[in-house]
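Welcome! Please take a first look before reading on.

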Amino acid sequence: DESIDAGNAPLRDIVHVTVGAHVITVTVEEKTERLNVDCADGKIIKVDFTDKFPNSHIDDTQHPPITEEHAKAFPPPNGAIAFGIIGLVGVGVGIGFGVASSSANDENITRGATAGGVCSTNPTAQVCVDGKNTRDAQQLDAMLSVVGYGVGAAALVTGVVWWLVAPRKVIIEHKAMLLPTAGPHGAGASLSISF
């Protein structure tokens, strides 16, 4: 607004302005150019004078562009991926031991039907010993299946929460940025310009 000298571009500090219409003025050598901007609360406005000074060369090596961090959901963070893989393996282990437990249970039912009640009178008969071994294996498989499902579910939930709560950051460079702000004691905006 020709009332604040913000310094030489590219600016590294914030220039506070009020929400509303403003004029940005840039002078390179003997040439002056102006751009009108309308600042709304929380709106980012890119202000670029490059086309106004096509023959000017400004060294940016000492003043890198303003950068801004934004959340990025994809790809998920490495920790979330690791917990997701652990969760899938846990669920797979649960399914595997669940199938083994079911198979052992079916085998025991078949064995019991063919034993013809021998185990009630002779518990040391081979069919009874085999049945007990199969039943013990079935119970162990069932327990390992439950543990696999539990660990898998917990790891999957942890991975999803990690992904949602701690998204990765990506750096975005701006040639120019005018960011209006509002606070309890007034309003303003941050302005950065680079060529």
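Among the contacts (heavy atoms within 4.5 Å) between residues at least 6 apart in sequence, 66% join residues at least 24 apart. This is a predicted model, in which local features need pLDDT of at least 70 and side-chain atom pairs count only at pLDDT 80 or more, while totals for chains, interfaces and linings use all residues. Residues are numbered from 1 along each chain as its sequence is written, and side-chain values use heavy atoms, with hydrogens and water left out.

**The overall picture**

Three helices and six strands make up the pattern of the protein, and along the sequence they come in the order β-β-β-α-α-α-β-β-β. Both kinds of element are DSSP runs numbered from the N terminus: helices are H or I with at least four residues, strands are E with at least two. The protein has 195 residues, and 28% of them count as buried. Here buried means under 20% relative accessible area, exposed means over 50%, and partly exposed lies in between (1.4 Å probe, protein chains only). The accessible surface is about 12,500 Å², with 60% of it belonging to carbon and sulfur atoms; such areas come from the Shrake-Rupley method with a 1.4 Å probe, and for residues only the protein chains shown count as cover.

Leaving aside residues up to four places away in sequence, Ser 145 touches Gly 94, Phe 97 and Gly 98.

Lys 31 sits in strand 2, residues 31-39. What does Lys 31 touch, not counting residues up to four places away in sequence? The partners are Val 26, Lys 52 and Phe 53. With Lys 52, the separation from Lys 31 is 21 residues in sequence and 9.4 Å in space, C-alpha to C-alpha.

**The cysteines**

A disulfide is a covalent bond between the sulfur atoms of two cysteines. Counting pairs of cysteine sulfur atoms within 2.5 Å, the model has one disulfide. This bond joins Cys 119 to Cys 128, with an S to S distance of 1.9 Å. The link of Cys 119 and Cys 128 is left-handed, at -110 degrees about the S-S bond.

The table gathers the accessibility of the residues in this tour, along with Cys 39.

| Residue | Relative accessibility | Class |
|---|---|---|
| Ser 145 | 7% | buried |
| Lys 31 | 38% | partly exposed |
| Cys 119 | 34% | partly exposed |
| Cys 128 | 9% | buried |
| Cys 39 | 2% | buried |
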